[in-house]
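This report describes one protein chain for a reader who is new to structural analysis. Please examine the sequence and the structure shown below before reading on.

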Amino acid sequence: MEANTRSIGRLPAAFLTPGSSSFMDFLADHSPEMLPGNRKLPEGIVEAPHGTTIVAATFPGGVVLAGDRRATMGNMIAQRDIEKVFPADEYSAVGIAGTAGLAVEMVKLFQLELEHFEKVEGATLSLEGKANRLSTMIRSNLGMAMQGLAVVPLFAGWDEGKEKGRIFSYDVTGGRSEEHGYAATGSGSIFARGSMKKLYRDDLTEQQATTLVVQALYDAADDDSATGGPDLARRIFPIVTVITDEGFRRLTEAESSELARSITERRLEQPDGPRAALL
């Protein structure tokens, strides 16, 4: 009986009775070497694939988060079909830009962080709390960022308290800003943001919002070599996700394909995309 109080299934008692609702704090106490920011890097210049452009836009009833599929390494295309948008939990999602390997690892850790909190506390974090937790994780990666391995995500979700979709952007130090209406991050963000600036309205439908973000990714790919546009030949299309009061939903391949193809066909007539009204 005494042995059972010390360990169950060979796990130390500390693993069964965590003293903190933060999985990161728990990991830092017991296996700090597993945290991304504590990894030792090889000497010299580190070449690693980088994810590029992520975009988001709100609409009455939710928020859309989308990303292109290209990863680059220097002037080379490292991967054409990388996934950059992931569910964080049932009502939020993360889009990654920056060092791809570290970013994916950070997303997985963030997913565990939210799941761990819910199991320990018996309740989910508020959207604001989730955004703060992600900020802390990015800040812990500052050492890596100073060596060129930065992770700069975009976080979006449905705020159950305020009953609306919200978007949060970050810098490499973990600084957090709430974006209103639309946002973009990554190498093509300046072009994507310019596209959305002219096309965004606060009364968009869900379908219009998904079209808007794919139009923005198309414009980013048009001017940024690191951003990949829809690849009809290889059937590689942007990942588009929608988060509403019903939860997280990723557009199916058929839905993404139809959306990307319709935009591409219209671009044959208007290569620069739709025009915004002058007045």
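## Two residues with positive phi

R235 lies in the loop that connects α8 (206–223) and β15 (239–244); helices (H or I, at least four residues) and strands (E, at least two) are DSSP runs, numbered from the N terminus. The phi angle of R235 is near 55°, a positive value in a residue other than glycine. R235 counts as partly exposed because its relative accessibility is 42%; buried means under 20% relative accessible area, exposed over 50%, and partly exposed in between (1.4 Å probe, protein chains only).

E163 belongs to the loop between β11 (154–159) and β12. Its phi angle, near 55°, is likewise positive in a residue other than glycine. With a relative accessibility of 60%, E163 counts as exposed.

## Basis of the model

The model is predicted: local features need pLDDT of at least 70, side-chain atom pairs count only at pLDDT 80 or more, and totals for chains, interfaces and linings use all residues. Residues are numbered from 1 along each chain as its sequence is written, and side-chain values use heavy atoms, with hydrogens and water left out.

## The chain as a whole

The protein chain contains nine helices and 16 strands. Of its 279 residues, 49% are buried. Among contacts (heavy atoms within 4.5 Å) between residues at least 6 apart in sequence, 64% join residues at least 24 apart.

## A loop residue and its surroundings

P60 is located in the loop between β4 (54–59) and β5 (62–67). P60 is exposed because its relative accessible area is 53%. Apart from its neighbours within four places in sequence, P60 is in contact with D202, D203 and L204. P60 and E163 are separated by 103 residues in sequence, while their C-alpha atoms are 9.5 Å apart in space.

## Nonpolar cores

In soluble globular proteins, nonpolar side chains tend to be buried together. A nonpolar core is here a set of buried Ala, Val, Leu, Ile, Met, Phe, Trp, Tyr and Cys residues joined through side-chain atoms within 4.5 Å. The largest such core has 25 residues, of which V94, F110, F155 and Y170 touch the most other members. At least two residues of this core come from each of β8 (85–89), α4 (100–121), α5 (127–139) and β12 (164–170). The greatest contribution is that of α4, with eight residues. A second, separate core comprises 24 residues, including A192, L204, V213 and Y218.

What does V94 contact, leaving aside its neighbours within four places in sequence? The residues in contact with V94 are L65, K84, V85, F86, A88, V107, F110, P153, L154 and F155.

Strand β9 comprises residues 92–95 and is covered on both faces. S92 and V94 on one side, and A93 and G95 on the other, are all buried.

β9 runs antiparallel to β8, and four bridges join the two strands; two strands pair if DSSP finds at least two bridges between them. β8 and β9 form a hairpin with two residues between them, and the bridge partner of P87 in β9 is A93. Four bridges also join β9 to β11, again in an antiparallel arrangement. The bridge partner of S92 in β11 is G157.

## An open sheet of four strands

Four strands, in the order β7-β6-β3-β10, form an open sheet with antiparallel pairing. Its edge strands, β7 (76–79) and β10 (98–99), each pair on one side only. Two bridges link β3 (residues 50–51) to β10 in the antiparallel sense, and H50 stands opposite T99 in β10.

## A buried glutamate

E179 is part of strand β13 (residues 176–179).

The side chains of E179 and S169 are joined by a polar contact of 2.6 Å. Such a contact is a pair of N or O atoms within 3.5 Å; within protein, one must be able to donate a hydrogen and the other to accept it, and residues adjacent in sequence count only if both atoms are side-chain atoms. Leaving aside neighbours within four places in sequence, E179 is in contact with I167, S169 and R193.
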